[in-house]
Amino acid sequence: MMFDSHCHLNDDALYPRIDEVIVDAKKTGVAKFLVVGYNKASSELAVKIAEKYEECYAAIGFHPCDIFDISEEEFQETLKLASHKKVVAIGEIGLDYHWEKEQARRDLQKEYFIRQIEFANEHHLPITIHNRESNEDCLKILKEHKPLHGGVMHCYSGSVEMLKDILDLGLMISLGGPVTFTNAKTPKEVAEAVPLEKLLIETDCPYLTPHPHRGEKNEPKYICLVSEEIARLKDISKKHVDQVTYENTCRLFNIDE
Ligand code: NI
């Protein structure tokens with residue numbers, strides 16, 4: 001059994017065919033899905049999906065690229081969704097310096113990241129973290145505003161050296177499609193180095209489609225390619241990777257197995 005710990009079934013690319021997407025994923029052994037929001041509408045839809053499908057859970061929050069031009073009311077109203085019984089995390093939240101080059105706008109990303117970590121701490125929820133080309137500031141914030149109920153570096157793209165800092169903060173690492181890319185040296189090194197009990201797997205669908213389906217829309221059914229590659233790199237069975245990452249995800253998000 002596998003747990004897709006970060007997917008966007010709430011995205012326009014997948015939502016119109018969600019029934020089929022879930023059925024296809026279940027055929028490959030995916031038993032649970034965390035549907036992750038990135039703004040108000042996608043967070044609301046994640047909750048709606050989690051209400052309808054027993055195997056789906058929701059994370060709600062504002063992605064660093066979606067914090068611009070939002071009102072305080074919109075922000076607060078979205079966070080109110082956290083009291084729903086199937087909301088198991090705040091996310092995805094974090095920093096994205098790939099898409100944001102202006103210092104003032106990066107500062108605003110930091111502000112919303114911190115506010116959402118503090119909200120998660122007050123509401124006893126773990127967080128799911130988006131960090132793109134912002135390692136230094138991301139680590140600094142996580143050290144100064146420690147997530148008290150755990151969290152995961154979603155689609156971890158950092159180095160093996162940075163891994164230690166992340167694990168010291170009590171956070172988990174999640175790997176997705178990039179670990180399967182033929183030219184992906186660092187994610188493969190990370191997969192080898194990360195202790196299995198600290199690892200989650202994800203698709204981040206409809207993005208980051210694993211090899212050999214790159215160029216197609218990603219779906220949870222392709223997560224088996226991620227787990228196969230991790231198994232190969234760690235020289236253990238796929239079944240073992242599936243089982244342990246499934247248990248890790250349930251434990252992090254306080255979900256009954
Ligand atoms: Ni995502």
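## Terms and model

Buried means under 20% relative accessible area, exposed means over 50%, and partly exposed lies in between (1.4 Å probe, protein chains only). Cysteine 65, with a relative accessible area of 30%, is therefore partly exposed.

This is a predicted model: local features need pLDDT of at least 70, side-chain atom pairs count only at pLDDT 80 or more, and totals for chains, interfaces and linings use all residues. Residues are numbered from 1 along each chain as its sequence is written, and side-chain values use heavy atoms, with hydrogens and water left out.

## Overall fold

The protein has nine helices and eight strands. These are DSSP runs numbered from the N terminus: helices are H or I with at least four residues, strands E with at least two. The C-alpha atoms fill a box of roughly 45 × 40 × 35 Å along the principal axes.

Buried residues make up 60% of the 257. Of the contacts (heavy atoms within 4.5 Å) with a separation of 6 or more, 72% join residues 24 or more positions apart.

## Surface and charge

The accessible surface comes to about 11,200 Å². Carbon and sulfur atoms hold 49% of that surface. Areas come from the Shrake-Rupley method with a 1.4 Å probe; for residues, only the protein chains shown count as cover.

There are 31 positive and 45 negative side chains. Lys and Arg count as positive, Asp and Glu as negative; His and the chain ends are not counted. The centres of the two sets lie 3 Å apart, with each charge placed at NZ of Lys, CZ of Arg, CG of Asp or CD of Glu.

## Two nonpolar cores

A nonpolar core is a set of buried Ala, Val, Leu, Ile, Met, Phe, Trp, Tyr and Cys residues joined through side-chain atoms within 4.5 Å. The largest has 72 residues. Leu9, Ile90, Phe113, Leu142, Met153, Ile173 and Ile230 touch the most other members. Helix H8 (residues 223–234) gives the largest share of this core, seven residues. Apart from it lies another core of 15 residues, including Phe3, Leu34, Val36 and Cys250.

Valine 36 lies in strand S2 (residues 30–36). Its relative accessible area is 0%, so valine 36 is buried. Not counting residues up to four places away in sequence, valine 36 touches His6, Cys7, His8, Asn10, Ala59, Gly91, Glu92 and Thr128.

## The loop with cysteine 65

Cysteine 65 sits in the loop between strand S3 (56–60) and helix H3 (72–79). Beyond residues up to four places away in sequence, cysteine 65 touches Asp96, Trp99 and Gln109. Glutamine 76 is eleven residues from cysteine 65 in sequence and 17 Å away in space, C-alpha to C-alpha.

## Backbone of the S8–H8 loop

Most residues other than glycine have a negative phi, and most peptide bonds are trans. Proline 206 is in the loop between strand S8 (199–201) and H8. The bond from cysteine 205 to proline 206 is cis, with omega near 15°. Proline 212 is also in the loop between S8 and H8. The bond from histidine 211 to proline 212 is cis, with omega near 5°.

Aspartate 204 is found in the loop between S8 and H8. Its phi is positive, near 55°. At a relative accessible area of 8%, aspartate 204 is buried. Leucine 208 is partly exposed at 30% relative accessibility.
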